[in-house]
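User: I'd like to learn how to read the features of a model like this one. Could you take me through it step by step?

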Amino acid sequence: MNRFVSNFTNKLDSKGRVSIPASFRAVLARDGFEGLYVHPALDAPALDAGGNVLLNEIDAFLSTLSPYSDERDQLSTALFGTSEILKVDPEGRVILTDTVKVHAGIGDTVTFVGLGHKFQIWEPERFRAHLEEARTKVRDLKKALGNRIVEPRLVQNTSPGVRER
């Protein structure tokens, strides 16, 4: 699988290193990125992380904006100007810098959260609160979608389990 899925909580060791989950390392290895690209999330007290797929997505998004626009410059500053490329050691560990730890409020434990094309790194209690808020919003969305009026579909005159040729 080439997606970051699930969540994992790991402690930083005495030297400030934390192990990237093995399944996340496998996705990064298939991606071919040397190291780990990390930047402060734009809308959460977390870190966005990934490899070439994430960088390509950022480049594609920025390419939709005028090269000399304020919006492009601001997004480039927020996404590239505050980013770091962390070295992954042979055991799959990285050292999070003080700058990124402060943004995410990270102490001695982190939660890695898969988001498909990227993953986030959270302080565990902040992630639990974020997850609960996300679940509440999803429940509300499900209710709203469930109450929509759907146009009737044209039903074919076939018996259940019978295939047409």
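**Reading the model**

Analyst: Let's start with charges: Asp89, Glu91 and Arg93 are linked in a network of salt bridges. A salt bridge here is a side-chain nitrogen of Lys or Arg within 4 Å of a carboxyl oxygen of Asp or Glu. Keep in mind that this is a predicted model, where local features need pLDDT of at least 70 and side-chain atom pairs count only at pLDDT 80 or more, while totals for chains, interfaces and linings use all residues. Residues are numbered from 1 along each chain as its sequence is written, and side-chain values use heavy atoms, with hydrogens and water left out.

User: How many salt bridges does a search of the whole structure find?

Analyst: The search turns up 9 salt bridges. One of them joins the side chains of Asp13 and Arg17, at 2.7 Å from N to O. Asp13 is partly exposed, with a relative accessible area of 27%. For the scale, buried means under 20% relative accessible area, exposed over 50%, and partly exposed in between, using a 1.4 Å probe and protein chains only.

User: Which residue forms a salt bridge with Glu133, and why can the two be described as about one helical turn apart?

Analyst: That residue is Lys137, and the closest N and O atoms are 3.1 Å apart. Lys137 and Glu133 are separated by about one helical turn because they sit 4 residues apart in helix α5 (residues 124-146). Helices (H or I, at least four residues) and strands (E, at least two) are DSSP runs, numbered from the N terminus. Lys137 is exposed at 54% relative accessible area, whereas Glu133 is partly exposed at 44%. Glu132 and Arg139 make another salt bridge through their side chains, 3.3 Å from N to O. Glu132 counts as partly exposed at 40%, and Arg139 is partly exposed too, at 43%.

User: Now strands. How do I read pairing, and which way does β3 run relative to β4, parallel or antiparallel?

Analyst: Two strands pair if DSSP finds at least two bridges between them. Strand β3 (residues 36-40) and β4 run antiparallel, joined by 4 bridges.

User: What else pairs with β4, and where do its side chains point?

Analyst: β4 also pairs with strand β8 (residues 119-122), in the antiparallel sense over 3 bridges. In β8, Ile121 is the bridge partner of Leu47. Leu47 and Ala49 point one way from β4 (residues 47-50), Asp48 and Gly50 point the other way, and all are buried.

User: What does the UniProt annotation cover?

Analyst: The unreviewed UniProt entry carries the annotation "domain: SpoVT-AbrB" over residues 7-52 and 83-126. UniProt positions are given in the numbering used here, feature names are shortened, and annotations may be inferred rather than shown by experiment. In the model, residues 7-52 are 24% helix and 37% strand, with the end C-alpha atoms 21 Å apart. For residues 83-126 the values are 23% helix and 36% strand, with the end C-alpha atoms 21 Å apart.

User: How should I read a pocket, and what lines the largest one?

Analyst: Work on a 1 Å grid over the protein atoms alone: a cavity is a set of points where a 1.4 Å probe fits but cannot get out, and a pocket is an open set with protein on both sides within 12 Å along at least five of seven lines. Lining residues have an atom within 4 Å of a point. In this model, Ile20, Arg25, Leu28, Ala29, Phe33, Glu34, Gly35 and Val88 line the largest pocket. That lining divides into 5 nonpolar, 1 polar and 2 charged residues. Ala, Val, Leu, Ile, Met, Phe, Trp, Tyr, Cys and Pro count as nonpolar, Asp, Glu, Lys and Arg as charged, and the others, Gly among them, as polar.

User: Last one: what is the phi of Ser6, and where is it?

Analyst: Most residues other than glycine have a negative phi. Ser6 has a positive phi of about 80° although it is not a glycine. Ser6 lies in the segment before β1 and is partly exposed at 45% relative accessibility. Arg3 is also found in the segment before β1 (7-11), and its C-alpha atom is separated by 6.6 Å from that of Val27, 24 residues apart along the chain.
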